[in-house]
Amino acid sequence: MISPPPSYRVPFNEWENPVEIREFCEEGQVPQTDVDEWVVQVDSLWFPKQPEPSLEERFRILAQQWANETGHLSSPNQKMLHPSYQAILGMGQEHREEVIDLLLRDLAENRRPWFWALSYLAQANPITPADAGRMDRMIDAWVRWGNKRKNA
Amino acid sequence: MFYVWFPSLRGTDWRIKSPADDDYQCIAWAAIHTDRCMWPHANYTWFPGAPIFPGIDPEAATSDYFVEGFSRIGYKPIGKDRRRWVPGFQKVAIYATEVGVSHMARQRLFGRGWLSKAGDCEDFIHRRLEDIEGDVSTLAAAAGSYGIVVEILRRGWWSAFKYGCASRAFKIAGEMREYRRTHKWDAP
């Protein structure tokens, strides 16, 4: 439980209402710095700060959204246009290595076709003409590439 | 999800035909393949000898690539309005938006509707081509619209036998019937 400043300690329920606080403050009984401190404390109590989602959490949410909303599409251009895909590419600009790892893991676990994003971020394309168009072989090719990259 | 993707399907006579499968998509399904994904790009299977996009980045996929590719299995373009079934011919339709080709559908053998494969999801039968049409704008394309039919291609039944498509179609139909008989799957 958060406490008010010690010199003006009042029961919590008495300064719960901001109108009362304002009235109390307007009487000039409380220095402005203390009022500011109260406001900060009340704000933090009423609007607790949410912890920032990690890169992986953000990726998972975006990837799920992308899969749900583009699952019926065949066109790679259209799939790449989706805002979630663009957001993941944007994350990749800042955290390239981590996003490549997340993409590879998701490709292997959920078979989501991240081939274009991987080619773009990794500047590589391990898919040979013999593997092209065959989902299992394309996934295997990228997973092998990822393992080589880890071992290098 | 089908009504979210294709609002015009609501109230029409349509049905799911097979479980979801990411081994093939609509273009491969139009060419009667269920073991590959097809697109005129180096990362996909395409018709031998037909042109593909240069480079690694996907570009706006104009219908010319698809007309040229499907000509390798006997199809010829006939405009976008001749949608009715004609005995002795098989048709495929190309859908596109402002960002290029989005989808292909294949007419059923005796004209009772069209067969479509929804990306990685199920394939389904819809009565008319219009039932899955949508807005063509770039914004709508990003939101998943198939756009409108821009070209219809046609070939004779003889071509279907000549290129081995007919035998493949019967084989796949048999496999799917068997799958539906032996597996319980939840049609969405």
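Predicted model: local features only at pLDDT ≥ 70, side-chain atom pairs only at ≥ 80, totals over all residues.
Start with chain A. It has 8 helices and 0 strands. Read from the N terminus, its elements run α-α-α-α-α-α-α-α. The chain holds 152 residues, and 27% of them count as buried. Now take the contacts in chain A with a separation of 6 or more. Residues 24 or more positions apart account for 49% of these.

Helix H2 of chain A covers residues 32-46. Its 15 residues, at 1.5 Å a residue, should span 21 Å. The end C-alpha atoms are 21 Å apart, so expectation and model agree. How many residues of H2(A) are buried? The number is 0, so H2(A) lies largely in the open.

Next, look at a loop of chain A. Arg111(A) is not a glycine, yet its phi is positive, at about 55°. Most residues other than glycine have a negative phi.

Ile32(B) is not a glycine either, and it has a positive phi of about 60°. It sits in the loop between helix H2 (26-30) and helix H3 (63-71) of chain B. Ile32(B) counts as buried, because it has 24 C-beta neighbours inside 10 Å.

Stay with chain B and turn to its strands. Strand S4 (residues 100-107) runs antiparallel to S5(B), and 3 bridges join them. Within this pairing, Arg106(B) has Leu115(B) of S5(B) as its bridge partner. S4(B) and S5(B) form a hairpin with 6 residues between them. Gly111(B) lies in the turn, with a positive phi of about 75°.

S5(B) also pairs with strand S6 (residues 123-126) of chain B. These strands run antiparallel too, joined by 4 bridges. Here Trp114(B) has His126(B) of S6(B) as its bridge partner. S5(B) and S6(B) form a hairpin, with 5 residues between them. In this turn, Gly119(B) has a positive phi of about 55°.

Which way do the residues of S5(B) point? Strand S5 of chain B covers residues 114-117. Trp114(B) and Ser116(B) point one way, while Leu115(B) and Lys117(B) point the other way. All of them are buried.

Helix H6 of chain B covers residues 165-182. At 1.5 Å a residue, its 18 residues should span 26 Å. Its end C-alpha atoms are 25 Å apart, which agrees. Of those 18 residues, the number buried is 1, so H6(B) lies largely in the open.

Finally, see where the chains meet. Here 23 residues of chain A are in contact with 30 residues of chain B. On the side of chain A that touches chain B, helix H3 (55-70), helix H4 (76-81) and H7 each supply at least two residues. Which helix gives the largest share of that side? H4(A) does, with 5 residues. By type, the residues on this side of chain A divide into 9 nonpolar, 11 polar and 3 charged.

Methods:
Residues numbered from 1 in each chain as written. Chains lettered and ligands numbered in written order. Buried ≥ 20, exposed ≤ 12 C-beta atoms within 10 Å, placed from the backbone. Pairing = 2+ DSSP bridges. Contact = placed C-beta atoms within 7 Å. Expected span 1.5 Å × (residues − 1). Nonpolar A, V, L, I, M, F, W, Y, C, P; charged D, E, K, R; others polar.
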